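Hi,

Here is the structure I promised to send over. Have a look at it first, then read my notes below.

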Amino acid sequence: MLLSVFAANQLYRKRVWQPALVTCHRAPIMMKYLSRASILPMLLMISALPGQGAESVADLSEQDFLADVPVVLTASRLRQNVADAPAAVTVIDRQMIRDSGAWSIPDLFRLVPGMYVGESADRGTFVPNSVVSYHGLTDGFSRRMQVLVDGRSIYTPLFGGAVWSTLPLALEDIERIEVIRGPNSATYGANSFLGIINIISRHATETQGAMVSLTDSKRGSDATFRWGGKAGALDYRVTGSQRRDQGITDFAAPDASHSTVPNRFDNKRLSNFTFRGDLQISDRDALEIQAGISQGDHQSGKNELPGSTTYSPEHVRKLDSYYGLLRWQRSFSADEQLSIKAYANRDEQNYDLASLVVPHFGVVPAPFDSPMRLLGERYDLEAQHTLAPTSTTRLVWGAGVRIDRFTSRFFFNSDQAQSFRQSNLFANLEWRPSARWVFNGGLMLEKNSYTGSHASPRLAANYHVVPGHTLRVSASRATHTPVMLEAKADSRWTFPLSPINCLILKSCTYRAYGHRDDLQSEQITSREVGYVMELPGGSLDIKYSLDHLTHLLETEARGFSGSMINPFTGQILPGVQYNNLGSADIRALEAQWQQKFTEATRLHVAWSMTKVTGNGASRDSASIYSDSAPLHSRSMLLAHDFGSRWTGSLAYYQMGRMAVQGDGDVQNPYERVDARLAYRFRDGAYQGEVAFIVQNLFDKPYQEVYYENLIGRRSYVNLRLEF
């Protein structure tokens, strides 16, 4: 079938290509120069596809084939169609979000080639969180991925990575998600090491009126209310939600490797509230205002065997998350804009283990003997200027400053906040010397208080072989700056022992975590070849990449000065610190096919083959790196509208063998099928939808992250009303 699509695509494009129409970038470069006569061959070709009858073809209109090429923003900060972007991009739009039947935002990334999603990672150091990673090196926080919400970075300063469960953003408020599949530090800085997730919310003008969404299931429930209104030149919306999430509810049976299997302690109760306002100050000036709060209780920790000493027993953490954002933009012309963005994030955890920790040496050490508090703050200011210096070039450049602060007596042995400062200067240039060629060059210069100054360059060339067929070649270098836990950890456990015991142990303090003062930033050099083929109603994207990573941070055991000794060996009891000990190579081949066969039928297919080889400090480093990504993974989402009332979709996910780095267990290959059936209705001013969703339809249980994380069949019912 693909060969027939390719041949027909070649035929109609050869007959209608008019290069003169795309020599100037100032007019958007759209595929709107097809002649009406060219539509006939495509209609005939589609009518020959399996399952497509004459009635389906009749539903297609000329506008379906003259639609704009998809436009993305995240690859270079410039508005570009996918074929002109310097990186591989996956776009998840509102229709895909609804068709997928996702319970949470991380569920959506199962549709992205090369991406891994695991549920309920972490057994107690932080909170059970979803793992979202790309191209391996997967750990509990995926700290090598940049995650943005409307350009606001949400990864935590302590561990890196996003705490997805405390993100105050409803699925119903998302316009689309752009995933950059590959390093992109040249555009968004040091944490954009393996890729970027940019979640773009809906403009307030698009969410006028009221919306209520209610979801119920054995797993939990969710209630979301949204109101959008207008006050003069201000369009606004407020969204509130409450969620009860039971987490992992199925129980894994013991086996030869797991004689006991604890039940997960990972329930969550969340309350979110967000505001967005879009103010049109004048015909040239606009102001965007955002604010949000998330509050909730998260179960955490693990249940050990009776009598065991654990410093992460089952407990409840109170999590509060706040943010505010202001973005002012002035449009001087269609080609020139200036924007200034400022935002602040504040995340806090409070919990108390004093009465829960099993005493060691008969006592509970400090800081476990008093309430714990983790407080993270981020303040960011950025200016950006977009312009067109010549008729064949576009330029975006700007600068930013950021301050991160984190307070934790447990991790830093102090009630004083640890600080991280960063400043940057960036530029991305697009040059179109002819209709066939597009060149993108980018550079990010950064200076931070941990590892000094770095430059992250990228160069990409896109060659339009024939209309609708684009070859992309790119090379880039990116960095990942150590997070606070890696760069500044100093965790000391002080036991109130008798003087004689302290004399025997040489100290009453055990240093569990320490740090080196000479850490370097991780580095990646990436080379990529991609091919984008536009199809009638869709596109096919193929990418091969080779990444070489150095100075990777790994944990190593070390006995710290002033720590307890083992009285039987006379050696200092070892703690943990991070060091630049690892290196790895990642080879990946990916394909993504998005197709709209008719107005009623939509298909998304993703496939990936990823091979990771690496070396580090331990004997097991090679296998740890190679197991951090599945060799093969694939996904598919097929949706169809059965008339004006009913719509249905099927999703298929397959994941190969892999293991999350750190304390993750080996995860065996699995397959999963999800189904969604929805009925749309309208009654006067009211319109709505009732949807039935089943995840893991055939109830084939599988594990994610840990052996005890058993995922079985889950069913949901959702009611959405708009009025």
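This is a predicted model: local features need pLDDT of at least 70, side-chain atom pairs count only at pLDDT 80 or more; totals for chains, interfaces and linings use all residues.

How many bridges join strand β14 to strand β15, and which way do the two strands run? There are 16 bridges between β14 (residues 285–300) and β15 (residues 315–333), and the strands run antiparallel.

With two residues between them, β15 and β16 form a hairpin.

Next, the empty space inside. Rolling a probe the size of a water molecule over the atoms shows where empty space is left. The search gave 12 cavities of 30 Å³ or more. The largest cavity holds about 350 Å³ of space. It is lined by 31 residues, and those closest to its centre are Q146, Y155, Y188, R402 and Q422. The elements giving two or more residues to this lining are β6 (145–149), β16, β17 (372–387), β18 (393–407), β19 (418–431) and β20 (437–448). Sorted by class, the lining has 14 nonpolar, nine polar and eight charged residues.

Two of those central tyrosines turn up again when you look at charges over rings. R378 lies over the face of Y155, 4.3 Å from the ring centre, and the charged end of R77 sits over the ring of Y188, 4.4 Å from its centre.

The second largest cavity has about 270 Å³ of space. Of its 22 lining residues, I154, V163, T166, S321 and D347 are the closest to the centre.

Last, the aromatic rings. The whole structure has 20 aromatic pairs. One of them is F109 with W164, a tilted pair at 5.7 Å centre to centre with 50° between the planes. This pair links distant parts of the chain, 55 residues apart: F109 is in the loop between α5 (94–100) and β4 (115–121), while W164 is in the loop between β7 (152–153) and β8 (174–180). Are these two buried or exposed? F109 counts as buried because its relative accessibility is 0%, and W164 is buried too, at 9%. Elsewhere, ring pairs link F126, F141, F159, F368, F410, F411, W493 and Y510 into a cluster.

How values were computed:
Residues are numbered from 1 along each chain as its sequence is written. Side-chain values use heavy atoms; hydrogens and water are left out. Rings of Phe, Tyr and Trp (its six-membered ring) pair if their centres lie within 6.5 Å; planes under 30 degrees apart count as stacked, over 60 as edge-to-face and the rest as tilted. Helices (H or I, at least four residues) and strands (E, at least two) are DSSP runs, numbered from the N terminus. Buried means under 20% relative accessible area, exposed over 50%, partly exposed in between (1.4 Å probe, protein chains only). A charge sits over a ring if NZ of Lys or CZ of Arg is within 6 Å of the ring centre and within 35 degrees of the ring normal. Two strands pair if DSSP finds at least two bridges between them. On a 1 Å grid over the protein atoms alone, a cavity is a set of points where a 1.4 Å probe fits but cannot get out, and a pocket is an open set with protein on both sides within 12 Å along at least five of seven lines; lining residues have an atom within 4 Å of a point. Grid points are joined across faces, edges and corners, and a volume is the space filled by probe spheres set on the points. Ala, Val, Leu, Ile, Met, Phe, Trp, Tyr, Cys and Pro count as nonpolar, Asp, Glu, Lys and Arg as charged, and the others, Gly among them, as polar.
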